[in-house]
Amino acid sequence: MSHDQLMNLIDSIASDFLFLEDQDVDIPTAGKFLNQLDAIIRGAEALKIEHLSCVARGLSRLLEKKILDEVKDTETAFATFEKGITIMQEIDRSSGKGGYQGADISGFMESLVCLIGAAPVLEAQGGMVETSAAPDNESNVELENKVEIQDESLLRDFIVEGLEYINEIEVNILNLEQDPGNKDCVNSIFRPFHSIKGVASFLNLENIRALAHDLESLLDKVRNNELSVTAQVIDIILDGADALKAMIGRVRDRMEGRAEATLEIDLPALEQRIRFAQQGKYEQSEPKKIGAILVEDGLISEDALEASLELTKKAPDIKIGEALIAEGKVTPRQVSQALRKQMSQVVDVTSIRVDTRKLDDLIDMIGELVITQSMVRQSPIVLSNMDRKFFRDISQLSSITSELQRTSTSLRMIPIKQTFQRMSRLVRDLSRSAGKSVNVVTEGEDTEIDRNMVEEIYNPLVHLIRNAVDHGIEAPEERTKAGKGETGTIQMKAYHKGGNILIEISDDGKGLSKEKILNKAINNGTVASAAGLSDQDIYRFILLPGLSTAEKITDVSGRGVGMDVVKQAVDKLRGKIEINSRYGFGTTFVTSFPLTLAIIDGMIVRVGREKYIVPTTAIRRLLRPNKEYYNTVIGRGEVINVMGKLLPLVRLHDLFDIEPDCRNPWEATIVVVDGENGAKCLLVDEILGQEEVVIKGLSESLRHVKGVSGGAILGDGNIGLILDPEGLFELSELQGFGGNGEKKN
Amino acid sequence: MDVSKKIKILVVDDFATMRKVIRNLLKQSGYENITEAEDGVVAMNMLKSTKIDFVISDWNMPNMTGIELLKAVRSDNELGSMPFLMVTAESLKDNVVEAVKAGVSNYIVKPFTAEVLGEKIDKILENIK
């Protein structure tokens, strides 16, 4: 820009100003001036006339203030502006002749600073104009009442549209999580908050307005790249959306004259989190407080926590955990567990979402890879190869594949926590409707289990929990009478043992009555007498269909509803169930499930030329009996004396019609297998080894074949059938009747 | 009745409830001839196809924002002098200054009353005369 052009600009702004009517600058004129001043600033900077750019910037700021209605003394402002223009003209003219040296400028700038509150040379701070809160609120209240009285339909519209918008936010935020850099995504979340805020301000819904405003400013930072999209930001926005939804729901309740649902959201805490997040801080607010964790776990009451918190306020260097221990409210162990929980909350595990089908495919393929790898390894060509390097490579390959398999199966593992949380909720609901007071204690929430298993075990566990609340835990009066606290406790505990996950559900209720169960069983004809029955055996009767469905059983055992259903479900999952109880003190159900349905740990046994897999969990022992331990008992057939007990012998070769190597038990191998109604002995030729195999289901038409639960590809590439002990026993009992059984069918 | 009250006002906002709010406030100020658009693109089409006397537009909208609409209006040969009132939330200073530089007739900050809205409209119409 030439000097002449600059001079023209200043002259035109001066003449425009001269022709202004009634001493006031309206908005369009102000806009024109601002643009002219911008051009002057650019020109002055280009020509390095500092005084000029400084004055022009000052005038610009003054105009902005005027536009924003922040100038109180309009007359002075007007005069100052006029003077500023004159000074600009003077500076410009004199700059051609060796520069303008005027004390005038500093004097003028001072009066300008008085008006606009800050020196214009400083770079603009930009951003939000602070509006004083108090008068604002007042006018809001006024306004709100007006709108509320005058237009209820507006409110109704807002509720509908607002909720729609929030749903939109939820959808968009998931997109944002996958594509954090997407500005369109940010905008599409920003806008609904903005709109909600706008309308809420008209409808005088101050809480909604404030929260929407906070969320909007947070997103604004994201939009301006001042903040990156992290999991925490996403969480906060989702929580915020939830809170807004709940608040709008309350407005609706109020409007429809219903009782407002209580707001379970800690608004100040949420606002605090948003504020922290805006500064890029999360940790302070993210992890739960130790006290809160302890209360949640039911170790202390909220009142106790409050009391101790008061104490720690007086002595700031004592931590809450220490205070609670000192008061004897909790044990140090419990505090350290809570601390560990708190730590695990802070550790932020980044994760991605994957379609489970893809995951299943991957795991399947890896299973195949493992098998192929072991086939290669066992091939005669490889075995006869003496090259050392080749040998090393092969073992390297097999260790990598087995590591791969381990990792792949762990992909599908998820902590049981969620299931426990659902259970806790169930207990709360059930106990409330039953008028009982029940505490839930969980242990081992991080124990992992196959995702597919989680859904499968849910129903049996629900049954157990339901029974524990309905029939286990007594009513408060009864408990007091029995000398127990009014509040019952249900404990859920999970841990790994062997290849299984064990889930214990115990209650401190009235426990099972052995006598009553036994009487019932005898009346029912299930057993003849109590002779030879262990406590366990007696408790197990409640799992039988005949006993549990009878209405009376509720009175008898306190365990009524469909325990046989639980049993069936557990069986289907190759799980086990064990019952321990003390009359008057409570009952514990220990259920054990395989970690996954995809893999089974089995013994490979050989009969003739066939190989079978016996689930290791079912095997009690392996033995080769002496000849004298083998007997035939009339009515029971062949038996083997195992540690003094006579167990029936089941000949696999008979069941499957194979020609075995040996028919005499003392020459063959006996596998003692556990079944529901006692153990039995399987006669096989040889044990080949133990292997983890990937289960391949049988096709639909073969699903009901008794004695076989599936197949697997063995290490040598051959197929082995997985034996199902229960089914085998049934099969053997059918065959035990000889020709009779066949004729019946 | 005041002739100026007969002008046709276009209210642009993506939030239907907000449009209704403004419509109600306009009615309170005596303006009856009101039409609506849910974003800048729709508004621009309406401005070109029908005779509109006055635009009240929100800032933040999908597809075409208020400031984009304003710029499009100002750079249009026929619509160039269209009275344009911008609605903003809070005085976001940068936004307001940007709008003023782009030639907005005036701006109004949410929430506002019928009186303030009426005054702003009167002022804009007065300046045009």
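# Questions on a predicted two-chain model

A:Leu324 lies in helix H14 (residues 320-326) of chain A, where a helix (H or I, at least four residues) or a strand (E, at least two) is a DSSP run, numbered from the N terminus. This is a predicted model, in which local features need pLDDT of at least 70 and side-chain atom pairs count only at pLDDT 80 or more, while totals for chains, interfaces and linings use all residues. Residues are numbered from 1 along each chain as its sequence is written, and chains are lettered from A and ligands numbered from 1 in the order in which they are written.

User: Does A:Leu324 count as buried or exposed, and why?
Analyst: A residue is buried if 20 or more other C-beta atoms, placed from the backbone, lie within 10 Å of its own, exposed if 12 or fewer, and partly exposed in between. A:Leu324 has 28 C-beta neighbours inside 10 Å, and therefore it counts as buried.

User: With which residues is A:Leu324 in contact, leaving aside its neighbours within four places in sequence?
Analyst: Two residues are in contact if their C-beta atoms, placed from the backbone, lie within 7 Å. Once neighbours within four places in sequence are left aside, the contacts of A:Leu324 are A:Ile300, A:Ser308, A:Lys329, A:Val330 and A:Val335.

User: How many contacts beyond four places in sequence does the model have for residues 737-745 of chain A?
Analyst: Over residues 119-150 of chain A, pLDDT stays under 50, and the model has 33 contacts beyond four places in sequence for them. Over residues 737-745 of chain A pLDDT also stays under 50, and the number of such contacts for these residues is two.

User: Over how many bridges do strands S5 and S7 of chain A pair?
Analyst: Two strands pair if DSSP finds at least two bridges between them. One of the bridges to S7(A) has A:Ser506 and A:Thr588 as partners. Strand S5 (residues 500-507) and strand S7 (residues 586-594) of chain A pair in the antiparallel sense, and the number of bridges is eight.

User: Which residue in the hairpin of S6(A) and S7(A) takes a positive phi?
Analyst: Strand S6 (residues 576-582) of chain A runs antiparallel to S7(A), joined by seven bridges, and A:Ile579 has A:Phe589 as its bridge partner in S7(A). The hairpin has three residues between the strands, and the residue with a positive phi near 90° is A:Gly584.

User: Which helix gives the most to the side of chain A that touches chain B?
Analyst: In this interface, 30 residues of chain A are in contact with 28 residues of chain B. Helices H2 (27-46), H3 (50-67), H6 (133-150), H7 (152-178) and H8 (183-202) of chain A each supply at least two residues of that side. The helix that gives the most, with eight residues, is H8(A).

User: What pattern does chain B follow along the sequence?
Analyst: Chain B has 129 residues, of which 45% count as buried. Its elements are five helices and five strands, and, read along the sequence, they follow the pattern β-α-β-α-β-α-β-α-β-α.

Note on methods:
pLDDT is the predictor's confidence in each residue, from 0 to 100.
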